[in-house]
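Okay, thanks for making time for this.

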Amino acid sequence: MSFRDLKNFTEMMRALGYPRLISMENFTTPNFTLVAEILIWLVRRYEPHVDIPTEVDTESDRIFFIKAVVQFMATKAHIKLNTKHLYQADGYAVKEMLKITSVLYNAMKTKQMALEDAVEEDSNKFKFDLGSRISELKAARQLASEITSRGASLYDLLGKEAELREMRTAAIARPLEINETEKALRAAIKETLEIVEKIKEMLSNVVSDEASLDAKIEKKKQDLERHQKRLQTLQSVRPAFMDEFEKIEEELQKQYEIFVEKFRNLTYLESQLDEYHRLEQERFEEAENSLRIMQHKLREEERDLMKGSLKDSDSDLDVPEDEESDSDPEESRPSKPQPSRSAPMAGRGPRFIGNMQGDDSDDSDDSEIDADEDDEEGEEEEEEERREEDESLEVLLSRSNRPPRGGVRPALLEESDDDF
């Protein structure tokens, strides 16, 4: 069955006036009730007074109904239908019912065309148009030529009728031979018997096949039951290694939890260590910057002290000499003060050696010698103080290069004024 056949069937039934709406999806599955209703309606449309059984409840009733419909259509309408396809009540049944509907639809269409032609003739009775009759003239000319050719052939056949009549009468008058007819009948009976034997063999084979299939099905059922019982026994029996497996699984779970905890702690400690290194680096940089600032301040203070000591020495040298003293200016010259660079660290001021007054002229030579000795001693002390200062700066710088332990900053800025 094709989609086109199903569509044509539904349209023809709608055109014929079937009271029920037929969908194309009604025949996707077997629907015998619908097929029976359509067949009854078609048969009664073809012959309104026909008597057909309408009961289709049981299998025998359906078979009797299909046979009656097929016999009626074969005898009255000369339409051959397939009983198997009609009994299937699916798309193949539609294909068989389409034969009946096409006959009825063509008859209805022909009747409508005849009525339309009659109406047109009545309406065009008093009208004559030569242009509309050209096609009719062509058809009449063709029919005339066909009549002529068929008349000539009929004349030839009638000329041979004399010979054919003699041959026909001789064949009819010849008596039939009983032996030949018996031989032909026996051959036909033999053929039919062979066909019957073949059908019986096929039926016996079907029975044997059915028995073998039943045996196979029973065997498969037994195998299935046996396998199911075995499966149940296997599921109910506990394996010997299951206890050990569960213990190992519990130990594995504990070890995994310990591993996760240690891994988490290790990750946390690594992050803390990175943070500690970062803070130490920042503290070291801060300490280094503070030491640079402190060193710069010390140098500035040293320069200021040097400048102040030089100014003090110049002011001491500018003191006016005593006019009444007869001593030598060199004898009355005070000792040169020696500036000390480590004065802020020791907590004492600059140290001066000598006397600024020249009262006794006898002691001028001794004072001059003492001044020279004091100058030499002052220079030596100054050099020693410078070395001590350099050593103290080196110690501070070496301490600043080491990062402080425990995160404690050196308190250098707070006691810087007291150290010097």
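So, what pattern does the protein follow, read along the sequence? It goes α-α-α-α-α-α-α-α-α-α-α-α-α. In numbers, that's 13 helices and 0 strands. Helices here are DSSP runs of H or I with at least four residues, strands are E runs of at least two, and the numbering starts from the N terminus.

Quick word on where this comes from. It's a predicted model, with local features needing pLDDT of at least 70 and side-chain atom pairs counted only at pLDDT 80 or more, while totals for chains, interfaces and linings use all residues. Residues are numbered from 1 along each chain as its sequence is written, and side-chain values use heavy atoms, with hydrogens and water left out.

Now the overall picture. Of the 420 residues in the protein, 17% are buried. Buried is under 20% relative accessible area, exposed is over 50%, and partly exposed is in between, with a 1.4 Å probe and protein chains only. The protein exposes about 34300 Å², and carbon and sulfur atoms supply 54% of that. Those areas are from the Shrake-Rupley method with a 1.4 Å probe, and for residues only the protein chains shown count as cover. As for contacts, meaning heavy atoms within 4.5 Å, take those with a separation of 6 or more: residues 24 or more positions apart account for 64% of them.

Let's go inside. Nonpolar side chains tend to be buried together in soluble globular proteins. A nonpolar core, for us, is a set of buried Ala, Val, Leu, Ile, Met, Phe, Trp, Tyr and Cys residues joined through side-chain atoms within 4.5 Å. The largest one here has 38 residues, and the members touching the most others are Phe-9, Phe-27, Ile-38, Leu-39, Phe-65, Met-73 and Met-97. Helices H1, H2, H3 (59-76) and H5 (91-123) each put in at least two residues. H2 gives the most, with 9.

Zoom in on Phe-65. Not counting residues up to four places away in sequence, Phe-65 touches Phe-32, Ala-36, Leu-39, Ile-40, Ile-52, Pro-53 and Val-56.

Then there's Thr-101, over in helix H5. Is Thr-101 buried or exposed? Buried, with a relative accessible area of 0%. Leaving aside neighbours within four places in sequence, Thr-101 is in contact with Phe-9, Met-12, Met-13, Leu-16 and Leu-42.

Back to Phe-9, since we've got some rings to look at. The model has 5 aromatic pairs. Rings of Phe, Tyr and Trp (its six-membered ring) pair if their centres lie within 6.5 Å; planes under 30 degrees apart count as stacked, over 60 as edge-to-face, and the rest as tilted. Phe-9 and Phe-27 make an edge-to-face pair, 6.3 Å centre to centre with 80 degrees between the planes. Phe-9 is in helix H1 and Phe-27 is in the loop between H1 and H2, so the pair ties together parts 18 residues apart in sequence. Both Phe-9 and Phe-27 are buried.

On to charges. How many salt bridges does the structure hold? The count is 10, where a salt bridge is a side-chain nitrogen of Lys or Arg within 4 Å of a carboxyl oxygen of Asp or Glu.

Glu-37 bridges to Arg-20, with the closest N and O atoms 3.3 Å apart. That one links distant parts of the chain: Glu-37 sits in helix H2 (residues 32-46), and Arg-20 in the loop between helix H1 (3-16) and H2, 17 residues apart. Glu-37 is partly exposed at 40% relative accessible area, and Arg-20 is partly exposed at 40% too.

Now look at helix H8. Glu-182 bridges to Arg-186, closest N and O atoms 3.9 Å apart. Both lie in H8, 4 residues apart, about one turn of the helix. Glu-182 is partly exposed at 34%, while Arg-186 is exposed at 59%.

Helix H9 (residues 242-317) has Arg-292 and Glu-288, again 4 residues apart, about one turn. Their closest N and O atoms are 2.9 Å apart. Arg-292 is partly exposed at 47%, and Glu-288 is partly exposed at 26%. Salt bridges that share partners also join Glu-275, Arg-278 and Glu-282 into one network.

Last stop, the surface. Leu-185, Ile-189 and Leu-193 make a nonpolar patch of about 310 Å². Patches are built from residues with over 30% relative accessible area and no salt bridge, joining like charges within 9 Å and nonpolar side chains (Val, Leu, Ile, Met, Phe, Trp, Tyr) within 5 Å. Leu-193 is in helix H8, which covers residues 178-236.
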